[in-house]
Amino acid sequence: MLTFISLGKQLTLENWQVWLTAIFTALIPIVFHVLRGIGLYKLAKDKKLKSAFMAWIPFVWVFVAIKLISETRFFGKKIGNFAVVITVIFALAEVLTLAYEFMAYFPFIGNYLMGNQIIVDSTVYENLPTNYYELWANFGVYGVQGTFVNPYKNIDLIVKIMNGIYYVSAVLDILSAVIIVTVFINLFKKYWPQHFVVASILSLFGLDGIFIFLIRNKKPIKYTDYLRSRYQQYGPYGPNPYGPNPYGRNPYANQGNSAPSEPESPFEQFQDEKDKKPEEPFSDFSDKK
């Protein structure tokens, strides 16, 4: 069994519940990875990229994404020139994070698979039963005394290695965050400019697989061209129900010489004849000869 304790409340999961949760938790990133791979692979094939197959490789898929937006400026130069370096930084950050988590939770998972009962306490649990003791320092993992098998013979060395990984990973994670934000924003601006803000924000929360899959059949477009077309369609004051520019041309221009000329005043046809186009607004006060 697996028991979680938080803020004085206790939750115990049976083995089938633990396995079901583990399978479901692992299945979600796999599904998102497949969706992302389909989307990037399709876009890369449309662009005839030789590296399209890399869209299926974990951590390395970012190389394909960068090639799709290779014309984007990154620190003043095209991001495509840094594709290899950026991919190495991103992949290394992800690998170090996984390594740290594996080293941290390997004792916990290993002992659970051996059938030992585990308690995970996210708070300071002062009333811990006497037959339980801390299995893994700083992680709040407890187990039945005498049954825990420690896979690490030199705990101090393991802790030092984990601390080193943590600090290096922290620096790489910052760089990786800058990279992934740049990639998402420019990728969606190029293939889905109408919704690039929403798609980019939600992708940062792990939903990138869904949105990249949705743009797989879209054609690239320059964002400046998209803005220009929107401006021409709507103008600076929003959509015009009479067309993009109703007063910029003569609606009768294409009807030949017999077409009526465009009236100078839109209400001139409703005016009395004597009120139309006075030659001199102050003619009544002028001297008559």
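This note goes through the fold, pockets, salt bridges, surface patch and loop residues of a predicted model.

1. **Overall make-up.** The protein has six helices and seven strands. From the N terminus, the order of elements is β-β-α-α-β-β-α-β-β-β-α-α-α. Of the 289 residues, 31% are buried.

2. **Largest pocket: volume and position.** The largest pocket holds about 1300 Å³ of space. Its lining consists of 32 residues. Nearest the centre lie Thr 25, Ala 26, Pro 29, Leu 98 and Glu 101. Strand E1 (2–6), helix H1, helix H3 (83–113), helix H4 (155–191) and helix H5 (196–214) each give two or more residues to this lining.

3. By class, the lining counts 22 nonpolar residues, six polar and four charged. Glu 101 is one of the residues nearest the centre of the pocket.

4. **Second largest pocket.** This pocket has a volume of about 300 Å³. Its lining is made of Ile 69, Glu 71, Thr 72, Asn 186, Lys 189, Lys 190, Ile 221, Lys 222, Tyr 223 and Thr 224. H4 and helix H6 (223–234) are the elements that give two or more residues to it. H4 provides the largest share, three residues. By class there are three nonpolar, three polar and four charged residues.

5. **Salt bridge between Lys 190 and Glu 71.** Two residues from the lining of the second largest pocket, Lys 190 and Glu 71, also meet in a salt bridge, with N and O 3.1 Å apart. Lys 190 sits in helix H4 and Glu 71 in the loop between H2 and strand E3 (73–74), so the contact ties together parts 119 residues apart in sequence. Lys 190 is buried, at 12% relative accessible area. Glu 71 is partly exposed, at 39%.

6. **Salt bridge between Asp 208 and Arg 36.** The model has three salt bridges in total. In one of them Asp 208 pairs with Arg 36, and the closest N and O atoms are 2.7 Å apart. This pair links distant parts of the chain: Asp 208 belongs to helix H5 and Arg 36 to helix H1, 172 residues apart. How exposed or buried is Asp 208? Asp 208 counts as buried because its relative accessibility is 6%, under the 20% cut-off. Arg 36 counts as buried too, at 11%.

7. **Salt bridge between Asp 46 and Lys 42.** Here the side chains meet at 3.0 Å, N to O. Both residues lie in helix H1, four residues apart, which is about one turn of the helix. Asp 46 is partly exposed, at 37% relative accessibility. Lys 42 is partly exposed as well, at 31%.

8. **Nonpolar surface patch.** Which residues form the nonpolar patch on the surface? They are Leu 27, Ile 30, Val 31, Val 34, Ile 38, Tyr 41, Phe 53, Trp 56 and Ile 57. Together they have about 760 Å² of accessible area. Phe 53 lies in the loop between helix H1 (15–46) and helix H2 (61–68).

9. Lys 48 is found between H1 and H2, with a phi near 60 degrees, a positive value in a residue other than glycine. Lys 48 counts as exposed, at 71% relative accessibility. Phe 59 is in the loop between H1 and H2, and its phi is near 75 degrees, again positive in a residue other than glycine. Phe 59 is partly exposed, with a relative accessible area of 23%.

Methods
Residues numbered from 1 in each chain as written. Predicted model: local features only at pLDDT ≥ 70, side-chain atom pairs only at ≥ 80, totals over all residues. Heavy atoms only, no water. Patch = residues over 30% accessible without salt bridge, like charges linked within 9 Å, V, L, I, M, F, W, Y side chains within 5 Å. Areas by Shrake-Rupley, 256 points an atom, 1.4 Å probe, with all protein chains shown as cover. Salt bridge = Lys/Arg side-chain N within 4 Å of Asp/Glu carboxyl O. 1 Å grid on protein atoms, 1.4 Å probe; cavity = no way out; pocket = protein on both sides within 12 Å on 5 of 7 lines; lining within 4 Å. Points joined across faces, edges and corners; volume = space filled by probe spheres on them. Nonpolar A, V, L, I, M, F, W, Y, C, P; charged D, E, K, R; others polar. Buried < 20%, exposed > 50% of the residue type's maximum accessible area, 1.4 Å probe, protein only.
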